[in-house]
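Subject: Structure for you, plus what turned up in it

Hi,

Here is the structure I promised to pass on.

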Amino acid sequence: MSPAQVPEIADAPVDARSSSDAPDPSPQSGGTGGRTGRLKDALTRPGAPTHLAVTLLLVAAALWAAGAGPYINLIAQSCAIFAIASIGQSILVGGAGQIALSGGAFMAIGAFTAGIMVSWGVESFPVVLLGCTLVGWTVGVVSGLPGLRFKGLYLLLSSLALQFIVTSLTRQYQAEYHPAGLVLPPLEIGSWDLSYGTNLYWTLIVILLVIYAATALVERTGIGLAWRALKESEVAAAMSGVDVVRWKLYAFAASGAVTAIAGCLFAYWVGRADYESYTLTLTITLVTMIFIGGVSSRLGAIIGAVVISVLPYFLQNQVSVWMQNAGINFDWYLSNVNTVNAGLFSLLFLLVILFEPDGIEGILRKLESRIRALVSLVGKKKAAAR
């Protein structure tokens with residue numbers, strides 16, 4: 001089932017506008033003109049139309065999936081869960097510039113924490129979700145300690161070690177206490193049954209929106225500024241007065257907490273926590289998501305999660321039919337789905353790194369820039385013709 005830029009400044013600064021274009025600050029004009037001007041500037045600055053178009057497309061797709069039938073709804077639930085996990089990884093990799101290969105480990109931590117809490121008699125889903133968040137935060141702080149001394153490849157290897165440690169511990173725990181995996185009850189809040197269908201779908205969407213909004217708010221505070229400073233240069237950040245130790249640990253903690261939430265939701269979604277679902281393959285898949293969508297933005301993380309989550313279903317249910325109708329044997333793929341998908345995701349990751357580091361969102365921004373240049377050229381030709 002498992003299937004990472006600061007916004008550009010507008011071409012013309014506010015001070016460079018002519019007095020006739022600037023909003024009238026006089027009391028007689030009111031605040032409407034000023035608000036309209038700011039809204040126009042926000043929507044016309046480079047990158048904003050792309051951001052708006054993608055957002056509207058995702059919203060439309062989410063609304064369509066809600067009523068498109070059980071199968072489409074199931075795929076959309078998967079997209080929502082992995083979008084949360086992808087945002088969690090984007091906080092660390094895209095926001096703070098720290099390299100890590102432990103996304104699958106944190107999802108396993110969230111899933112097994114949920115399973116253990118349920119086995120201890122904790123039935124309230126909000127309490128279980130909060131417990132998974134706290135455990136993910138704590139482990140994130142601990143896993144961030146090597147990042148205080150290591151960088152680059154060494155930090156990558158230390159995060160990879162966490163992945164193998166968590167996999168080993170969960171495998172041993174499951175083999176000794178729950179050989180078939182930790183079973184989770186249907187997701188319920190009070191008398192509301194949210195365990196299937198559109199009820200579960202909207203629950204996941206609401207949690208995704210809350211996490212997206214919370215992350216956006218945090219990144220607009222001093223915390224986000226500190227993370228961006230770390231991403232640019234830890235030495236320069238330290239010279240500027242940024243507490244490198246503190247904010248690096250916060251980045252690991254926040255990433256761990258959000259990714260653990262995704263693991264908890266995934267466990268409720270499939271009905272159990274099983275270590276085999278949270279392998280290195282899942283970690284690579286999460287990294288692929290944030291890079292293929294756009295490593296530097298939360299929206300890119302969601303784009304990547306949707307693409308990578310939908311792609312296996314598309315290959316199995318659409319491409320396979322097209323191949324068979326064309327007389328091409330596609331059984332080799334259907335018989336090795338997991339292996340082929342892992343190789344495909346790795347290939348996509350390499351292609352993005354080599355040819356388009358900004359991912360799909362970067363491609364769309366470049367397309368927008370070319371359209372702007374074309375429109376500007378046409379405008380200049382028309383002005384010259386007059």
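Below is what turned up, grouped by type of interaction.

First, the ground rules. This is a predicted model, with local features needing pLDDT of at least 70 and side-chain atom pairs counting only at pLDDT 80 or more, while totals for chains, interfaces and linings use all residues. Residues are numbered from 1 along each chain as its sequence is written, and side-chain values use heavy atoms, with hydrogens and water left out.

**Aromatics**

There are 10 aromatic pairs in the structure. For these, ring centres of Phe, Tyr and Trp (its six-membered ring) must lie within 6.5 Å; planes under 30 degrees apart are called stacked, over 60 edge-to-face, and the rest tilted. Phe125 and Tyr268 make an edge-to-face pair, because their planes stand at 90 degrees, with the ring centres 5.1 Å apart. Phe125 belongs to helix α5 (residues 125-144) and Tyr268 to helix α10 (residues 244-270), so this pair ties together parts that are 143 residues apart in sequence. Helices here are DSSP runs (H or I, at least four residues; strands are E, at least two), numbered from the N terminus. Phe125 is buried at 4% relative accessibility, and Tyr268 is buried too, at 9%. The cut-offs are under 20% relative accessible area for buried, over 50% for exposed and partly exposed in between (1.4 Å probe, protein chains only).

Trp137 and Tyr250 form a tilted pair, 6.2 Å centre to centre with 45 degrees between the planes. Trp137 sits in helix α5 and Tyr250 in helix α10, so the pair links parts 113 residues apart in sequence. Trp137 is partly exposed at 37%, and Tyr250 is partly exposed at 31%.

Phe82, Phe266, Trp269 and Tyr278 form one aromatic cluster. Separately, the charged end of Arg298 sits over the ring of Tyr212, 5.1 Å from its centre (the test is NZ of Lys or CZ of Arg within 6 Å of the ring centre and within 35 degrees of the ring normal).

**Salt bridges**

Searching the whole structure gives six salt bridges, each being a side-chain nitrogen of Lys or Arg within 4 Å of a carboxyl oxygen of Asp or Glu. In one of them, Lys248 pairs with Glu234, with the closest N and O atoms 3.3 Å apart. Lys248 is in helix α10 and Glu234 in helix α9 (residues 234-239), so the bridge ties together parts 14 residues apart in sequence. Lys248 is buried at 2%, and Glu234 is buried at 17%.

Glu368 and Arg372 form another, at 2.8 Å between the closest N and O atoms. Both lie in helix α15 (residues 359-385), four residues apart, about one turn of the helix. Glu368 is buried at 9%, whereas Arg372 is partly exposed at 30%.

Ala80 lies in helix α3 (residues 70-95) and is buried at 3%. Leaving aside neighbours within four places in sequence, Ala80 is in contact (heavy atoms within 4.5 Å) with Leu204, Ile205 and Leu208. Ala80 and Leu208 are 128 residues apart in sequence but 6.6 Å apart in space, C-alpha to C-alpha.

Thr288, in helix α11 (residues 280-293), is buried at 0%. Not counting residues up to four places away in sequence, Thr288 touches Ile308, Phe345, Leu348 and Phe349.

Cheers
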